[in-house]
Amino acid sequence: MPCSRKFWVLKDTCRDEVTTDYFEEEEEDLEDLRKGEIMCRALFISVDPITRLHIAYSDPGQPILGRQVARVVESRNTDFPKGKLLVVAMGWSNYSIVDPTMTQEMGGVEVPLCETLPRQLENASLPKSSAMGLLGIPGLTAYLGLTELAKAEEGETIVITSAAGQMGHLVGQLARHMGLRVIGFTGCSDKASWIKTELMYDWAFNYKTQDVKQALNIAAPNGVDIFWDAVGGDLANTILPYMSYYGRVIMVGNLANYGNMDNPVSISMIDLAIHLKELTITGFNVYRYYHMWEDAREALVKLFKEEKIKPYEHVVEGFEFLPEVFVNQMNGKYQENYIQNIPSIFVVG
Ligand SMILES: NC(=O)c1ccc[n+]([C@@H]2O[C@H](COP(=O)([O-])OP(=O)(O)OC[C@H]3O[C@@H](n4cnc5c(N)ncnc54)[C@H](OP(=O)(O)O)[C@@H]3O)[C@@H](O)[C@H]2O)c1
């Protein structure tokens, strides 16, 4: 058994653009397990943009948060025997000791810190990492957001921002399957052509190089029924006036402001849009629907088996690459070693 663990911490307060210089790897001794505790070894660590928001509110020295698929390598808890595979919220750490009965509050719901791998993985040819992709937060958010909140209906038009992202690429495919007209915005022309040609979005645009208003005039001449807003800020501001009457805006994230919490870009068009178009604008946290995750996973696996939806993942070998991979993910940059149009990124612990 290992006698120490490695983990990443925040080196300095980060209020602006994140770089790899803000991260530091530390090592500490692992203590003997107490009754009820388990030791986990990270197999895959999920790289997620929400980490940018955590960092904005973290002090130097604090560990970097995140989810991992891990294997129990030592146990003093009979419900969590050695060898069991779990999804655990143990951050950027290669080994962790945890009391698996602990819970954490997420979006107003108390959820376990350690969960067994979704049982749906057993009968599907999906990698274990998809417990944090298609069958994890990105897939569940996409499915439950579209079905429970947006109440998407055939024939409607949806606009998705960060449309080639780990959640966005699943939202787009699900919406296509539900018979919606799908318009995706991404910050890279390669990604735009990927979601158009491979994922069969009806329209795809690079919001950095193309005129968003002109794009919407062409792609949504009758307006937008559902706006899946992962970005907020200026991009949301530009899209909101294109909503149809009674349109639904699902605010799932705020990528534009995660690194800019001191001066967030507010949405100035919001008052007018709500009033004139009678819009419903809803914040969404997937944990609100925690009680529906099991059914949502069943539906997602069925769609996967029927080849209606295909998750894309990229696995990077090397715990030491975590900061670099995260920074690349945040700025959407193409790097030789990381194919950025493969949305979900997992680092092998
Ligand atoms: N509400 C929930 O329950 C829930 C659950 C999961 C995720 N989320 C949120 O949903 C959003 C998407 O999450 P994800 O995990 O699927 O990540 P993601 O979309 O794969 O995020 C990475 C991508 O975000 C885009 N991006 C980064 N900074 C940006 C900026 N300033 N402006 C516009 N785009 C930017 C880049 O893509 P481009 O190159 O295309 O710009 C980047 O490749 C995040 O805001 C996340 O926090 C919410």
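The lining of the largest cavity has five nonpolar residues, four polar residues and no charged ones. This is a predicted model. The lining residues are L10, T51, H54, I55, S58, Q62, P63, I64 and L65. Helix α1, residues 50–56, supplies the largest share of that lining, with three residues. The space inside is about 50 Å³. With a threshold of 30 Å³ or more, the count is one cavity.

Open space comes next. Rolling a probe the size of a water molecule over the atoms shows where empty space is left. The second largest pocket holds about 340 Å³. Its lining takes in 19 residues. Nearest the centre of this pocket lie R5, E28, M90, S96 and I97. Three strands, β1 (4–10), β2 (23–29) and β6 (95–98), each give at least two residues to the lining. β6 contributes the most, with three. What is the lining of the second largest pocket by class? It has nine nonpolar, three polar and seven charged residues.

Now the helices. Two packed helices are described by the angle between their axes and the distance between the axes. Take helix α2, residues 137–149, and helix α3, residues 168–177. They pack at an angle of about 40 degrees, and their axes lie 9 Å apart. That angle makes α2 oblique to α3. The crossing of α2 and α3 is right-handed. On the α2 side, the contact is made by P138, G139, A142, Y143 and L146. On the α3 side, L170, V171, L174 and A175 take part. By class, the residues of this contact are eight nonpolar, one polar and no charged.

Helix α2 also meets helix α9, residues 293–305. Here the axes come within 10 Å and cross at roughly 90 degrees. α2 and α9 are therefore roughly perpendicular to each other. From α2, the contact uses I137, G139, L140, Y143 and L144. From α9, it uses W293, A296, R297, A299 and L300. The residues of the contact of α2 with α9 divide into eight nonpolar, one polar and one charged.

How values were computed. Residues numbered from 1 in each chain as written. Predicted model: local features only at pLDDT ≥ 70, side-chain atom pairs only at ≥ 80, totals over all residues. Heavy atoms only, no water. Axes fitted to C-alpha atoms, helices over the stretch in contact; angles between N-to-C directions. Helix = DSSP H or I, 4+ residues; strand = E, 2+ residues; numbered from the N terminus. Parallel < 35°, antiparallel > 145°, perpendicular 65-115°, else oblique. Left-handed = near helix turned anticlockwise from the far one by under 90°. Contact = heavy atoms within 4.5 Å. Nonpolar A, V, L, I, M, F, W, Y, C, P; charged D, E, K, R; others polar. 1 Å grid on protein atoms, 1.4 Å probe; cavity = no way out; pocket = protein on both sides within 12 Å on 5 of 7 lines; lining within 4 Å. Points joined across faces, edges and corners; volume = space filled by probe spheres on them.
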